[in-house]
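Dear colleague,

Please find below the structure that I am handing over to you.

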Amino acid sequence: MPALTFPATAHAAEWEGLTPVFADVEPGSYCVDPEAVAKLLTPDTAAILGVHLWGRACDVPALEQLAERTGLVLLFDAAHALGCAAGGRPLAAYGRAATLSFHATKVCNSFEGGAIVTDDADLADRAALLRNFGFQGEDLVVSVGTNGKMSEAAAAMGLASLEALPSFIEHNRANYHRYREELAGLDGVSIMPFDPPESSNCHHVAIEVAEDEAGLSRDQLHQVLVAENVLVRRYFYPGCHRMEPYRSRAGGPPSLPVTDGLLGRVLSLPTGTAVSPESVGAVCALIEFVVSNSDEIVNRLGASFTSVART
Ligand SMILES: *Cc1c(COP(=O)(O)O)cnc(C)c1O
């Protein structure tokens, strides 16, 4: 699995008694690099797990080929990918199973909750048993299980959210286009592309900051924007390989140069229905101002700037 993801990806495996092994990502897609995965496979490998990070597609054909060649199960964390498609299919349709999240930070939310998407009928049956104490009928219990059911209130919220999904996506795409237009040509700031935006829910807008061209680092830009009440996030700094319990494992965090490079340069910008295109314009104007005046701003940040990213 990649380390460039929310810790839940790694924790899910760890929770099941599997040991997450982190592979580097591809610079273009930000998703796990199939060649890097191939090099890490051992007889102990249980599964290959890709993350469709920020709604961008993993190299699904290459991962499918690898899984087929090795007989390994291919799974996807599609938490960001509801409403995204590639190769003519929804991203969540790929793999033996894919997981969706309906947490409040996701494009569609049910307060809390999620879904497993699979076309494996046996797996679907087993998951349904686990969700409801192993009940197969009114009083027939055939396996261990737990209470993994969604509450009525959460389901109602989820249905309302699902109904509004097309309008959420339309709003996000408009915001994304506005960001792309306004930030085009700004030195040292490049926006993560969706090819094309119509294939994505555009729920995440990430930029990469090239310090030598922008005149300030991602962390400095982050600090200034947060000070100006712009809620930007350093998703998913510092990477799962540098979070516990993984970072303290024997041998220390693995060397993942592409992942580490990206984690030092990317910044997620505000979007969603609570952010109007006018607000996007204001955020872009601020970013432009900061980059255009980077010398002066870096001077004023001076010694007060302490970066956690540069440990
Ligand atoms: C949000 C998120 C999760 C966790 O989803 P929950 O619904 O909170 O369990 C897993 N993976 C990724 C990539 C996420 O962003």
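The notes below go from the chain as a whole to individual residues.

The model is a predicted one. The chain contains 10 helices and 9 strands. Its radius of gyration is 21 Å, which agrees with the value near 19 Å that a compact globule of 311 residues would have. Of the 311 residues, 42% are buried. Among contacts between residues at least 6 apart in sequence, 60% join residues at least 24 apart. The accessible surface comes to about 16000 Å², and carbon and sulfur atoms account for 55% of that surface. As to charge, there are 21 positive and 38 negative side chains, and the centres of the two sets lie 4 Å apart.

Leu183 stands at the end of helix α5, which runs over residues 152-183. Setting aside neighbours within four places in sequence, Leu183 is in contact with Val189, Ile207, Leu269, Cys284 and Ile287.

Trp54 also deserves attention for its backbone. This residue is found in the loop between β1 (47-51) and α3 (60-70). Trp54 counts as buried because its relative accessible area is 1%, under the 20% limit. Its phi is near 55 degrees, a positive value in a residue other than glycine. Cys202 has a positive phi as well, near 50 degrees. Cys202 is placed in the loop between β7 (189-191) and β8 (205-209), and with a relative accessible area of 0% it is buried.

For context, most peptide bonds are trans, and most residues other than glycine have a negative phi.

Two further loop positions complete the account. Thr19 is placed in the loop between α1 (7-15) and α2 (34-40). Thr19 counts as exposed because its relative accessibility of 57% is over the 50% limit. Not counting residues up to four places away in sequence, Thr19 touches Glu14 and Arg249. Thr19 and Tyr246 are 227 residues apart along the chain, yet their C-alpha atoms are separated by 9.0 Å.

Gly137 belongs to the loop between α4 (121-131) and α5 (152-183). With a relative accessibility of 35%, Gly137 counts as partly exposed. Gly137 and Glu288 are 151 residues apart in sequence, and the distance between them, C-alpha to C-alpha, is 61 Å.

With kind regards

Conventions. Residues numbered from 1 in each chain as written. Predicted model: local features only at pLDDT ≥ 70, side-chain atom pairs only at ≥ 80, totals over all residues. Heavy atoms only, no water. Helix = DSSP H or I, 4+ residues; strand = E, 2+ residues; numbered from the N terminus. Rg over C-alpha atoms; globule rule 2.2 N^0.38 Å. Buried < 20%, exposed > 50% of the residue type's maximum accessible area, 1.4 Å probe, protein only. Contact = heavy atoms within 4.5 Å. Areas by Shrake-Rupley, 256 points an atom, 1.4 Å probe, with all protein chains shown as cover. Lys, Arg positive; Asp, Glu negative; His and termini not counted. Charge placed at Lys NZ, Arg CZ, Asp CG, Glu CD.
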